[in-house]
Amino acid sequence: SQLMQSFIHSFFFFCFSTDFLPFICDSCSGESATGEQSEPRAAGGSSSFPCSFTDCRGKELLPVICPQCEKHFCLAHRHQDDHKCEKLEVQKPRMAATKELVQRIVESKDGSKTKGRKGAKNSATAAKVALMKLKLHAAGDKGLPQTERTYFQVYLPKECKASSQPMFFCSKWSVGKVVDYAASLASLKNNNNILTAKKLRLCHPQSGEAVPMDVTLVSLLSHPETPLYNGGNVILEYLDNECTGLEDVSDYITPT
C-alpha cells in the first residue's frame, strides 16, 4: 500500500533510530545519540591550531607561535622552558653564577666551617618541620606534580600590608619565573620588564643577597651548600638596578 511504501522510504533514507540524544547529525540535521563532535573551528571556518608539544592535545583558535623555534603551542606550553624548546639556550654562566652566589654567602658568615655546617644543618631541619605546615596552606599551581613542588614562606616587600605568604613553585622554573608567579599570587606590582624601574627580586633569607634571575630552583636546592631549602624562607623586595641585595634581613624575618 502507499502507506507501507512511505514507511519503508522513511526507514531507509532517514536516521530516526538515533535521533533521541543530544547532538546534531551533520547529514540529516537530526539529533544523534553518538558522543562524537566535529573538530572545533575558528572564526571564518578555518581549523584550530594544535599544540606541537609531545603528547599534548591542546588547541588554540589563534596561532601561538614560539619566536625561537617558530612552532605552534597551546597557552600552557607557550614558554620556551615549558615546551622544552629546541632553540633554548642553556647559558654557560648559570652554574658559575650559582657557585659565586654560594661562595659569597659562605664568606659572609662569621665563625669557623664547623659552625657553618651546623647552621646549615639547623636551617635544613627547621625547613623540614615548616614544610609540613606549608603544604597545608600554600598557594600555587594545583596542577604541578607533588614531586616537582618547592615550598617557601615568601616574605613580601615592606610596602605590603601582609608580611608573608606561603607559596609553592615548580622546582624546574627559573628564579625569574618564580618572581613573576609570586608577584601574581600576591598581587604585587611587577615592572621587571621596564629597564629604568625598580626590579622585584628574590633575596636570600640569611645573607640578603639577590638570587640571579636565570638560576633554576633545582640547581639551588641540589647544590652541596645550597642557600635555599624546600620549606624554608625567601624574601621579595624591590631593588634598584645597581643594588645586589638587602642591607638587613631582620627587617623582614625576625631571627629565632
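Q: Which residues have the most contacts inside the largest nonpolar core, and how many residues does this core have?
A: The model is a predicted one. Its largest nonpolar core has 31 residues. Val-154, Phe-169, Leu-188 and Leu-236 have the most contacts inside it. Seven elements supply at least two residues each: α3 (113–137), β5 (149–155), β6 (164–170), α4 (175–185), β7 (199–203), α5 (217–221) and β8 (233–239). The largest share, 5 residues, comes from α4.

Q: What makes the 9 residues that include Ala-210 and Val-249 a core of their own?
A: Members of a core are buried residues of set types, joined through side-chain atoms within 4.5 Å. The 9 residues form a second, separate core. Tyr-252 and Ile-253 are also among them.

Q: Why is His-77 called buried?
A: The cut-off for buried is under 20% relative accessible area. His-77 has 16%, so the residue counts as buried. Its place is the loop between β4 (59–60) and α2 (93–108). Beyond four places in sequence, His-77 touches Cys-51, Phe-53, Cys-56, Asp-82 and His-83.

Q: How many residues does the protein have, and what percentage count as buried?
A: There are 256 residues, and 34% of them count as buried. The protein exposes about 17,000 Å². Carbon and sulfur atoms supply 54% of that area.

Q: How many helices and strands are there?
A: The protein has 5 helices and 8 strands. From the N terminus, the order is α-β-β-β-β-α-α-β-β-α-β-α-β.

Q: What makes β6 and β7 edge strands?
A: The open sheet has 4 strands in the order β6-β5-β8-β7. β6 and β7 each pair on one side only. Pairing in this sheet is mixed. From one strand to the next, the twist averages 35°.

Q: How do you know that β5 and β6 pair, and in which sense?
A: A pair needs at least two bridges between the strands. β5 and β6 have 7 bridges, so they count as paired. The sense is antiparallel. Tyr-151 stands opposite Phe-168 in β6.

Q: Which residues of α4 are buried, and what do they pack against?
A: The buried residues are Val-175, Gly-176, Lys-177, Val-178, Val-179, Ala-182 and Ala-183. They pack against β6, β7, α5 and β8. Residues three or four places apart on an α-helix point the same way, because there are 3.6 residues a turn. α4 lies across β6, β7 and β8. The angle between α4 and β6 is about 135°. Ser-187 follows α4 and has a positive phi, near 55°.

Q: Why is the link between the side chains of Glu-148 and Lys-172 called a polar contact?
A: The limit for such a pair of N or O atoms is within 3.5 Å. These side chains are joined at 3.4 Å, so the pair qualifies. Glu-148 sits in the loop between α3 and β5.

Q: How far apart are Glu-148 and Cys-170 in sequence and in space?
A: They are 22 residues apart in sequence, but 5.4 Å apart C-alpha to C-alpha. Not counting residues up to four places away, Glu-148 touches Phe-169, Cys-170, Ser-171 and Lys-172.

Methods: Residues are numbered from 1 along each chain as its sequence is written. This is a predicted model: local features need pLDDT of at least 70, side-chain atom pairs count only at pLDDT 80 or more; totals for chains, interfaces and linings use all residues. Side-chain values use heavy atoms; hydrogens and water are left out. Buried means under 20% relative accessible area, exposed over 50%, partly exposed in between (1.4 Å probe, protein chains only). Contact means heavy atoms within 4.5 Å. Accessible areas come from the Shrake-Rupley method with a 1.4 Å probe; for residues, only the protein chains shown count as cover. Axes are lines fitted to C-alpha atoms, for helices over the stretch in contact, and angles run from 0 to 180 degrees between N-to-C directions. A polar contact is a pair of N or O atoms within 3.5 Å; within protein, one must be able to donate a hydrogen and the other to accept it, and residues adjacent in sequence count only if both atoms are side-chain atoms.
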